[in-house]
Amino acid sequence: MSEKNREGKRNARDKMQEARAAEEAKARRNKKLAVGGVVVAVIAAAVVVGVVVQNQRSKPETPTAAPAGTIGDKNLVIPVGAADAPSTLTVYEDPRCPACGSFERSFSPTIDQLEDAGKVYVNYHIVSFIDRSLGGNGSKYGANALGCAQDAGHFRDYHDVMYRNQPEETEDSFGSKQTLIDLAKQVPGLDTPQFQGCVNGGTFSGWVSAVQQDFDKSSYKSTPTVLLNGEPIYPKKGDEQISPENLVKWVDAANQGKQLGTPGSHGQSPAPSSTAGESNNPPSP
Amino acid sequence: MAGQQADGGRPSGWRRAVDGAAAEWFGLAVRLGLALVWGWAGLAKVSDPAEAAQAVRAYEILPESLVKPVGWGLPFLELALALLLVLGLGTRIVAIVSGVLLLVFIAGISSAWARGISIDCGCFGGGGAVDESQTEYLQEILRDSGFLLLSAWLVYRPRTKLSVDAWLAA
């Protein structure tokens with residue numbers, strides 16, 4: 001073989017190897033692109049499916065069923081007392097919130113008396129977010145039971161009984177529907193098959209979720225949030241600490257010169273005569 | 001390796017450790033560990049759409065119109081990352097996405113901390129406003145930084161044992 005010929009052969013071999021290497025590199029690139037495509041497709045599909053699924057699973061912000069007598073936009077608010085009372089007390093409470101429990105045990109007799117005197121119209125937002133941080137269902141089931149009590153015309157009494165029997169925050173006894181029904185026995189006329197069906201069936205769970213979503217979007221972040229004619233008064237109004245005496249004083253000051261309301265019957269029993277806070281013990285049946 | 005021998009012929013222990021089979025087993029552990037984190041985070045946020053949305057809203061960063069899509073889509077993104085990590089498919093890309101997501105989370109938590117907002121990060125369910133005494137920003141950031149290290153390792157060394165990537169490359 002001549003030198004020239006040999007050289008030509010080597011060139012041909014080199015070229016072939018180069019071509020093969022280029023092909024392999026191309027195949028590797030294609031494989032990488034394909035893997036990348038699959039990864040991106042999986043992620044995109046998951047996110048799109050997720051948004052669609054969660055959209056369908058989420059409860060509407062406008063409830064399909066609200067307890068009788070609820071008021072406001074979308075019927076999310078439970079009113080107690082005279083609608084024509086000169087002052088409005090707005091209360092955001094979670095059934096499982098310990099600060100709400102202590103607020104209620106100190107203030108509910110006073111608030112009941114202010115309602116009965118036609119001095120305040122109380123608007124309750126029954127929120128239910130403690131379950132989120134602590135797990136369980138006590139906030140949601142408790143809020144539903146309060147809706148059921150409102151539907152039966154016994155909101156105020158059941159609400160007071162509930163907070164007087166509130167468990168420790170970490171203890172989810174309101175997560176037991178039977179406990180909620182047992183508590184209703186302390187309110188004359190409330191423990192009916194209808195109420196039990198409402199508690200057990202979660203009749204107002206959509207409403208509970210709507211109330212919570214409304215709270216989510218509000219600027220309020222904790223419970224209890226208490227407003228007197230729109231102004232926050234818990235734990236302080238300006239520099240003054242809230243107390244039953246101060247609450248009465250603030251309401252009277254706001255009502256000065258205005259005509260008191262006429263409390264209609266909500267099937268509620270009158271307030272106890274003392275303004276003293278009540279103990280945490282369940283009243284004897 | 002030629003490169004190592006050129007700079008004095010020292011056997012590079014680091015190089016060997018990073019390229020060896022042991023490193024690929026270590027990579028498998030890292031991959032599965034990160035998969036566990038994303039799977040756990042995703043599942044914890046799937047159950048309650050309203051809660052997931054509120055956890056996002058609490059950061060007060062996104063406009064209301066984006067709160068729900070993000071709150072609803074994020075857990076599924078996390079689950080997709082977990083799935084891909086378990087399979088070991090496209091490990092480097094997945095690790096990059098993981099790292100970017102973790103950086104976004106760390107930035108979000110830092111921003112909430114800096115602005116004095118009291119929230120739970122909502123990283124593994126929950127979320128939303130909490131009492132000032134209950135914030136755990138430092139722990140949350142350190143935890144996410146740890147996960148970020150796992151992602152970084154996989155970006156650096158995406159080759160791992162028992163992965164679809166290895167199977168495809170064979």
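In chain B, the sulfur atoms of B:Cys121 and B:Cys123 lie 1.9 Å apart and form a disulfide, defined as a pair of cysteine sulfur atoms within 2.5 Å. B:Cys121 is buried at 7% relative accessibility, and B:Cys123 is buried at 11%; buried denotes under 20% relative accessible area, exposed over 50%, and partly exposed in between (1.4 Å probe, protein chains only). The model is predicted, with local features requiring pLDDT of at least 70 and side-chain atom pairs pLDDT 80 or more, while totals for chains, interfaces and linings use all residues. Residues are numbered from 1 along each chain as its sequence is written, chains are lettered from A in the order in which they are written, and side-chain values use heavy atoms, without hydrogens and water.

Over all chains, the count is three disulfides. In chain A, A:Cys148 is joined to A:Cys198, S to S 2.0 Å, and this link is left-handed, with -85° about the S-S bond. The disulfide of A:Cys97 and A:Cys100 has its sulfur atoms 2.3 Å apart and is right-handed, with 95° about the S-S bond.

Between the chains, 30 residues of chain B are in contact with 21 residues of chain A, contact being heavy atoms within 4.5 Å. A salt bridge links the side chains of B:Glu64 and A:Lys217 (3.9 Å, N to O), the criterion being a side-chain nitrogen of Lys or Arg within 4 Å of a carboxyl oxygen of Asp or Glu.
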